[in-house]
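Reader: I have a structure to study and some questions about it. Can we go through them one at a time?

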Amino acid sequence: MLENSRVTEANQGEGMRTHYRTHTCGELSLENEGEPVVLAGWVANRRDMGPFVFLVLRDRYGTTQVVVEEPALVEAARSIPEESVIQVEGTVRRRPEKEIRPGPTGAIEVVARNLRLLNRTRPLPFAIRDDVEAFEETRLRWRFLDLRRPVMQRYLATRHRFIKAVRDFLDREGFLEIETPILTRSTPEGARDFLVPSRLHRGKFYALPQSPQLYKQILMVSGFDRYFQIARCFRDEDLRADRQPEFTQIDLEMSFVDMEDVLSLTERMMHHAFRAVGAELEIPLPRLTFEESMRRFGTDKPDLRISYPELVDLSPVLGGRGFRVVDGVLAEGGRAIGVFLPETFSRKEVDAFTRMARDFGAGGLLWARAEEGEWKTGPLAKWLDERVWDALGDVPRTGTLFVVADFSWLPHRILGEIRRRVALERGRLKEGFFGLWVTHFPILEWNEEEKRLEPAHHMFTQIVEEDLERFYGLREWLEPRMEALRAGDRKVLQEVETHLLRIRGKQYDLVINGWEVGSGSIRIHERRLQEAVMDLIGLSPEERERRFGFLLRVFEYGAPPHGGIAPGVDRIVALLVGAESIRDVIAFPKTTSAQALFEGAPSEVDPRQLQELGLRVEQEVEE
């Protein structure tokens, strides 16, 4: 996380001299002592000291203390509410030694010889300060005031400098910034599209882009071998702390590249942009395959700041001991996975972890507490011996072992989440930014609810060459297992998931401090393979042509090998500044219910507008 000091900006020079000011409020120093100056800004603080008044004047660049001593000006200064806009003419002088404060302007003050009230404020809904005491809903409703807080201005200044550094880097690397359409065709995959009705073509709709994915692939076929865009994207999905209906990503695509080319360029870009805002991201970044990440950490978004031991497969040492809970799962093809945490937990905490495991879908959670190498308490304790310590490896001999015996990746996901939560709650995190690549995701996964195959990420991902034969034989391999699979046979499900793990895509996620901040892939560039993927996920020839015919035709006209990535600006900047939500690094965000409280959107529209579009709103009738 970046330090909460004011960002140093280039605020010197003739460009800052305007009709209203000669200097900014973060610019003056002892070098200006004795100079006449004119400042303009907001009154951040006012202190009435009897015969004189102190005003703290604030603008985007910092604060300057103003001293009002002339009797004719003192009464005027007393009547100015905080957050009013004023202009001050005065002279710079050195502060008394005991009143010098840290910061760029802490050694000086401006003695006012004239004050001009530019705009008086009404009573404020909350105090404009970093430690604001107001609900987030209030802050969003009065966003224009919330954005005056120095911390919010630092956040948006960091965002600006991060994006500028990305642009500078990509320009040096030969990329062209090309804008793609905002009004486009609806091709919903996963999240819902935002639809825009057409007035000129009644009954037809544009869609706002979820990403420029198809356009950037087409640009590669058009010969623009290095494209980028700071792209606005839109998804009509449920919101979380790290999601918004509209968001910004660094969208880039390259021709004649394979996976390592994209990874290398992206991490150099991130290293450069992090340094531009005063942060450090060490490169090269570690690489983990999806399977290795799940096996070791129980997640495809591992947080490398966590120093706890990794997950361990304890099936060989826990099986065959007569412990029916474990033996029953192992007999059906499941696994007993464990994680040892050098911590002690109350019974209340263990019960909470058990409820979480059941919420995930597991039958329960097994545990045992150890002290100096001896297993003391817990339902697992009597089944454990020295062989378990050997399997756990180099771990402390005092702490708690958690075990989940179940199928597929479920045990790993549960224990990975326990490991993550405990590290966050107990502060067991290393300082700094720790990134890695997670690569080679399975190209397809089984959707248990809809009983069908679907893309693990998206359908345009190139398949690893040595897995192509297995991919083309998937339908034939899957056919005799479909009946048992649809019936929910867990042993068959595990067999299918294991098989799908061997059909890997050239897919990669950039993960920093446990946040997936960017996803990309090498793309399919041949029509035959693209149609085969679409066929396996259930798109009929008619639907393929209707939704993606324009892309499939492009692949028949000399499409080069290509790939790219789209790191998310909002998430990365939130990480950089230590914000709890990406809403804090977006100037005008939506709430978790997708509302814009400041301007009141979404809103009803004039019926005449609907009539022009050939639309009408049907009111829901409550039963």
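Reader: Leaving aside its neighbours within four places in sequence, which residues is Phe 441 in contact with?
Author: This is a predicted model. Phe 441 sits in the loop between strand S17 (435–439) and strand S18 (444–447). Contact here means heavy atoms within 4.5 Å. With neighbours within four places set aside, the partners of Phe 441 are Phe 290, Asp 300, His 457, Ile 503, Arg 504, Gly 505, Gln 507, Tyr 508 and Asp 509.

Reader: Is Phe 441 buried or exposed?
Author: The cut-off for buried is under 20% relative accessible area. Phe 441 has 3% relative accessibility, so Phe 441 counts as buried.

Reader: How far apart in space are Phe 441 and Ile 463, C-alpha to C-alpha?
Author: In sequence, Phe 441 and Ile 463 are 22 residues apart. In space, C-alpha to C-alpha, the distance is 9.9 Å.

Reader: Which residues of helix H5 are buried?
Author: Helix H5 covers residues 213–221 and is mostly covered. Seven of its nine residues are buried. They are Gln 213, Leu 214, Lys 216, Gln 217, Leu 219, Met 220 and Val 221.

Reader: What do the buried residues of H5 pack against?
Author: Both strands and a helix take part. The partners are strand S9 (226–234), strand S10 (246–255), strand S22 (562–565) and helix H18 (541–554).

Reader: Which residue just after H5 takes a positive phi?
Author: Look just past the end of H5. A phi of about 100 degrees is found there, at Gly 223.

Reader: How are H17 and H18 oriented to each other?
Author: Two packed helices are described by the angle between their axes and the distance between the axes. The axes of H17 (residues 527–536) and H18 come within 11 Å and cross at roughly 160 degrees. Angles over 145 degrees count as roughly antiparallel. H17 and H18 are therefore roughly antiparallel.

Reader: By class, which residues make up the contact of H17 with H18?
Author: H17 gives Arg 527, Gln 530, Glu 531, Met 534 and Asp 535, while H18 gives Arg 544, Glu 545, Phe 548, Leu 552 and Arg 553. By class, that contact has three nonpolar, one polar and six charged residues.

Reader: How many disulfides does the count come to?
Author: A disulfide is a covalent bond between the sulfur atoms of two cysteines. The rule asks for a pair of cysteine sulfur atoms within 2.5 Å. By this rule, the number of disulfides is zero.

How values were computed. Residues numbered from 1 in each chain as written. Predicted model: local features only at pLDDT ≥ 70, side-chain atom pairs only at ≥ 80, totals over all residues. Heavy atoms only, no water. Buried < 20%, exposed > 50% of the residue type's maximum accessible area, 1.4 Å probe, protein only. Helix = DSSP H or I, 4+ residues; strand = E, 2+ residues; numbered from the N terminus. Axes fitted to C-alpha atoms, helices over the stretch in contact; angles between N-to-C directions. Parallel < 35°, antiparallel > 145°, perpendicular 65-115°, else oblique. Nonpolar A, V, L, I, M, F, W, Y, C, P; charged D, E, K, R; others polar.
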